[in-house]
Amino acid sequence: MRRTAPAALAGAALLLTLTTGCGGTAGADDSGTVTVTVGYQSRTINTVTAGTLLRSLGYFEEELRARGKRDGVTYKVKWQDYATGAPITAQMTAGKIDIGSMGDFPLLINAARGVQLKRPTRLVSVTGYNLSGGLNTVVTAPASKLRTLTDLRGKKVSTSVGSAADGTLVRALQQAGLDPVKDIRKLNQQPAVGASALQAGSADALSQFVAWPGLLAFQGRAKALYDGAELNLPTFHGVTVREDFAEKRSAVVEDFLRAQGRATTYLREHPVAASESVAKATGLPAEVVHLYNGAQGIATFDTTLKPALIAALKKDVPVLTSAKLVGDVDVDAFVDDSYVKRVYGSGYAKALAAGPPARRGGEVWPKGKDTTTAFDTPAGLLRYVAAHRDAVRAAYVPDASTGTLWFADKAVWVADGSALRPYVTESAARADAAAHPGARTVPYTTALDLAGSAS
């Protein structure tokens, strides 16, 4: 592990001494119990392997019980649920949370605040990632006349400032030739507040992270304006720990990562059961959870700290510094892969090199089934749905350009001769149709009819 300056370590040690015995310090209380406090975001569902799913499976508690028997110590896990990463960082820098999970932009703020307040933190693993950026989406109301990002000029856009979704918004606007400060009116709101503002008409658009865009689209309360994967920049969520906690309880950190790895394996091997479990714990529809976390979902779950993700994190720093949310951040000092390497052992290099699974042509979740059916092409999926219209719980297709998975009935379809191509956004579909003479955009019902007649 990289060390901080002696003075910083001395300050951390003093704070630890003053707070030993309280929740979040991993010190033993009078009964000999060590409490480990974990901050997570239950509804930010590509953190579930370090939060919601992990908690429901009880793997971390299992690991600590085994350690407790070896060490003669009783361990207790205290789970604290938040809507965003910001309060987790606040609690970590106050010494009240030991381990937390959050998105890439909040992770950088976590690193900066830790250094600033002499309570340094370390990024020790990844939960879910998307190499293109598809975890963040800009949506508008279903009846909105906005068609492209340039239409947002002078409009009110809700986002959570400092979040990964805010970063996507800033970059996307800049790419579209708009000034993210001068050309829109940004509303800094929690995701739920922003969703309500969009529905009420007090916001013209909403830029948010998983699972809000998918949820609002599924509910018919929004449509996608911009697919974050159009940026083609990786986005991810990860696990951060307090350095003083990690130094005092390094074995517990490894236990957490071992448990996270087990939860990741469970999610991969039982994707439908995992989606149902997370849905039950969060109140989110299982169909929405599966959009992101399923076998072909938008998120890929992997605990390794991949070079592409760390490189993307470094590219995020200037965005936050230009917004005056952080000063310079030493990403290399923040990232610590020593713990996850020890957990993996000799298998780490192979796991590090592994990428997301090959994208297929879509997935159908039949009603009453605990498994899904994959298809090689979106057209093949449509033919199946056309023949089983009343027996389909959910159908998902990848965007023809970005690969971002989306609900088949919410996608915008392009009919080009016998070909049928789905897109997350209307602007992408229109661009496809314009580039192919004779092609046209069609609604989902028409796409189903065309696929059914071709079978």
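Biologist: How much space lies in the largest cavity?

Modeller: About 110 Å³. This is a predicted model, so the value is computed from predicted atoms. Of the 16 lining residues, the closest to the centre are Thr-168, Arg-171, Leu-233, Pro-234 and Thr-235. Helix 5, helix 6 (164–175) and helix 13 (307–322) each give two or more residues to this lining.

Biologist: Why is it called a cavity and not a pocket?

Modeller: A 1.4 Å probe fits in a cavity but cannot get out, whereas a pocket is open. With a threshold of 30 Å³ or more, the count comes to one cavity.

Biologist: What kinds of residue make up the lining of the largest cavity?

Modeller: Six are nonpolar, six polar and four charged.

Biologist: Thr-235 was among the residues closest to the centre of that cavity. Why is Thr-235 called buried?

Modeller: Its relative accessible area is 4%. The cut-off for buried is under 20%. Therefore 4% makes Thr-235 buried.

Biologist: Where does Thr-235 lie, and what is it in contact with?

Modeller: Thr-235 lies in strand 10 (residues 235–242). Neighbours within four places in sequence are left aside. Its contacts then include Asp-104, Tyr-129, Leu-135 and Ala-164. Asn-130, Gly-133, Gly-134 and Asn-136 are also in contact with Thr-235.

Biologist: On to helix 18. Which of its residues are buried?

Modeller: In helix 18 (residues 426–435), these are Glu-426, Ala-429, Asp-432 and Ala-433.

Biologist: How do you know that they line one face of helix 18?

Modeller: Look down the helix axis. The buried residues of helix 18 fall within an arc of 125°, so they line one face. The face turned away from the buried side carries Ala-434 and Ala-435, which are exposed.

Biologist: What covers the buried residues of helix 18?

Modeller: The cover includes strand 9 (223–227), strand 16 (412–416), strand 17 (419–423) and strand 18 (440–442).

Biologist: How much space lies in the second largest pocket, and which residues lie nearest its centre?

Modeller: That pocket has about 350 Å³. Its lining has 22 residues, with Thr-84, Gly-85, Ala-86, Val-161 and Gly-162 nearest the centre. Helix 4 (86–93) and helix 5 (104–116) each supply at least two lining residues. The lining of the second largest pocket has eight nonpolar, 13 polar and one charged residues.

Biologist: Now the whole protein. How many helices and strands does it have?

Modeller: The protein has 19 helices and 18 strands.

Biologist: What makes the protein as compact as a globular protein of its length?

Modeller: Its radius of gyration is 23 Å, close to the 23 Å that the globule rule gives for 455 residues, so the protein is as compact as a globular protein of that length. The C-alpha trace spans about 70 × 50 × 40 Å along its principal axes.

Biologist: How much of the protein counts as buried?

Modeller: Of the 455 residues, 57%.

Terms used:
Residues are numbered from 1 along each chain as its sequence is written. This is a predicted model: local features need pLDDT of at least 70, side-chain atom pairs count only at pLDDT 80 or more; totals for chains, interfaces and linings use all residues. Side-chain values use heavy atoms; hydrogens and water are left out. On a 1 Å grid over the protein atoms alone, a cavity is a set of points where a 1.4 Å probe fits but cannot get out, and a pocket is an open set with protein on both sides within 12 Å along at least five of seven lines; lining residues have an atom within 4 Å of a point. Grid points are joined across faces, edges and corners, and a volume is the space filled by probe spheres set on the points. Helices (H or I, at least four residues) and strands (E, at least two) are DSSP runs, numbered from the N terminus. Ala, Val, Leu, Ile, Met, Phe, Trp, Tyr, Cys and Pro count as nonpolar, Asp, Glu, Lys and Arg as charged, and the others, Gly among them, as polar. Buried means under 20% relative accessible area, exposed over 50%, partly exposed in between (1.4 Å probe, protein chains only). The arc is that of the directions from the helix axis to the C-beta atoms. Contact means heavy atoms within 4.5 Å. The radius of gyration is taken over C-alpha atoms; the globule rule is 2.2 Å times the number of residues to the power 0.38.
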